[in-house]
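Q: Could you walk me through a few features, starting with the general idea each time?

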Amino acid sequence: MKTIEHWINGTTTPANSTRTAPVYDPATGARQADVLLAETADVDSAVAAASKAFVAWGDSSLSQRVKVMFAFRELLVKHEDELARIISSEHGKVIDDARGEIVRGREIVEYACGIADALKGDFSDQVSRGVDVHNFRQPLGVCAGITPFNFPIMVPLWMHPIAIATGNTFVLKPSERDPSASGFVAELYAEAGLPDGVFNVVNGDKVAVDAILDHPDIEAVSFVGSTPIAKYVHERATASGKRVQALGGAKNHAVVLPDADLEYAADHLTAAAFGSAGQRCMAVSVGVAVGSAGDALVEILARKAREVKVGPGSDVSNDMGPLVTEAARQRVVDAVATGAEQGATVVVDGRDLTVAGHEDGFFVGPSLLDHVTTDMKAYTEEIFGPVLSIVRAETLDEAIEIINDNPYGNGTALFTASGEAARRFQRQVRVGMIGVNVPIPVPMSYYSFGGWKDSLIGDSPIHGAEGVRFYTRPKVVTTRWPATETHTAAFNFPTSS
C-alpha cells in the first residue's frame, strides 16, 4: 500500500507521523493509498523550516520571485495531463473537469507573475516644504492554508502563489481525502527553483489544523470549507493574533425569468448543478423558476439530467464522476429521500444508479426536485452533491427576496433577456458574486473571490488585489533632507505648512 508523506524543507518525509488515513479510488471504492496524518511536532517542523527560509526569501528581489513563478507556471502546463489524472483518481471528477480546475488555478499563478505591478507603492512629492511621502508593502512571514477536498489543486493555488510571490513562506494542509496533488505541486515548485522551506505540505486532520491555528510563528491563515469550520478557524486563529481568510459554505441560486432562452438556461443549470457531482462551493443547487418559466424549465431540466453520462472520471466520455467517499454518496441519497418525505416532487431520481463494472464505486446519479419550499431540508442544508432543487416564485422581486433571506451569499445567477431586470437583480441581491446568464460566476484572478453573509467569515476575500493586501502589510515613510543644519524644530503639531 502506497504511503503519502509530507513535504518539509524541500523533501518528502514521514516526520514524526504514525497515524494514517485511507485514500480511496472513488470509482471503485478501493483503498488505493494511506496518507500520513501530522502530529503537532510535524507542523512545528514545517513552520521552523518556513521561518528559516523566510529570512532570505522575504528579502529576495521581485525579479527572483517572479522568475520562479514563471517557471512554475510553465511546469503546470507541461504536467497538466499527469496532474489531472492524479486529481481524478483521488477526487473522482472527470479528467476534463480536473483540467479545468488546473487552468483556473494557473490563472492565479499568472497573476502572481505580474506581482511587481501589484506591489508598486505611491509617492507624493513636496507634501510640506522639503518633505516627501511614499509607501510600500512588505510580506508577513510564515503563512498557512487549510484547503478542502473538492478542488485539490485550484483552491490551494488561490493562496500560495500570491503569498510566495509577495515574499512570504507557506505551509499547506490539504484535505486528507485527496492529498497527492499538493505533493506533486511541491515537487514542481522545487523544479522551478523555489528555495527549500519556502513551500511545505503537512497532511493531516484536526490535530494538524489546530496546530496551525495555534502556532505563534504563523502570521496568517487562509481557509476554504464549510461554514461551521470557517467560523471555528476564524475564531481560534484570530484569538492567537493571526490574520484570517475564512470562506464558508453556500446555497447558490440561479433565477430563470420567463423571457430567458430556456434551453440555454437549462443547459447551463444542468452543468452547474451536476458538474463535479455537485461538489463545488459555487455549484448551483437551487433553481428559482419565475412565473410561467416553471413547468417548461423543469421539463427541459429533466430531459437534460437524464442525459448526463455518469461513470469513472478516467473515461473522457463521461460527464460526471462519483462522489468522493461513501459517506458523501449516502448523504445525497438521504437528502433526496428526505425531500420526497417533506413534499418535494422527485422528477429525476439518481439514488439507484449503478455503473457496470464499478458497482462498489461511490456513484449516484443527478436528481431533480421540484416544488421545493424554503423550509425543506433540501433547501436549507448544503447537500454538496448532484441535487438540483426547484423553487417557484411569481416575480423577480419575490425571487430576490428568497435569495436575500437565505443565510448564505456566495454566488447567484440570473437568466434573462432583460437588461433592466439584470441591473435590478445585481444591485438588490445580497450576494458576493453574481452572474448574468453565467451560472458559476467565479471571478478572474485579478478580481477577488468571496461571498457575503455566512459564506465569508470576517472580511477578507481571496486572491486578486484583496489577496495581495492580505499577505502584506503597508509602511508609510515621511522623509526630509534639509539643505542646512540650522533648521529649527517646532513644538506645535506638524502640519502641511
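This is a predicted model: local features need pLDDT of at least 70, side-chain atom pairs count only at pLDDT 80 or more; totals for chains, interfaces and linings use all residues.

Q: Which residue forms a salt bridge with Arg392?

A: Side chains of opposite charge can pair when their charged atoms come close. The criterion here is a side-chain nitrogen of Lys or Arg within 4 Å of a carboxyl oxygen of Asp or Glu. Arg392 pairs with Asp370, with the closest N and O atoms 2.8 Å apart. This pair links distant parts of the chain, 22 residues apart: Arg392 lies in strand β17 (residues 387-393) and Asp370 in strand β16 (residues 367-370). Helices (H or I, at least four residues) and strands (E, at least two) are DSSP runs, numbered from the N terminus. Asp370 is buried, with a relative accessible area of 4%.

Q: How many salt bridges does the structure hold?

A: The structure holds 28 salt bridges. One of them joins Glu101 to Lys93, with closest N and O atoms 2.7 Å apart. Glu101 is buried at 3% relative accessibility, and Lys93 is buried at 2%.

Q: Where do Arg106 and Glu110 sit relative to each other in helix α4?

A: They are four residues apart in helix α4 (residues 95-113), so about one helical turn separates them. Arg106 counts as buried at 11% relative accessibility, whereas Glu110 is partly exposed at 35%.

Q: And the strands: how many bridges join β4 to β5?

A: Two strands pair if DSSP finds at least two bridges between them. Strand β4 (residues 19-25) and strand β5 (residues 30-37) run antiparallel and are joined by seven bridges. Ala21, for instance, has Val35 in β5 as its bridge partner. The two strands form a hairpin with four residues between them, and Gly29 in the turn has a positive phi of about 80°.

Terms used:
Residues are numbered from 1 along each chain as its sequence is written. Side-chain values use heavy atoms; hydrogens and water are left out. Buried means under 20% relative accessible area, exposed over 50%, partly exposed in between (1.4 Å probe, protein chains only).
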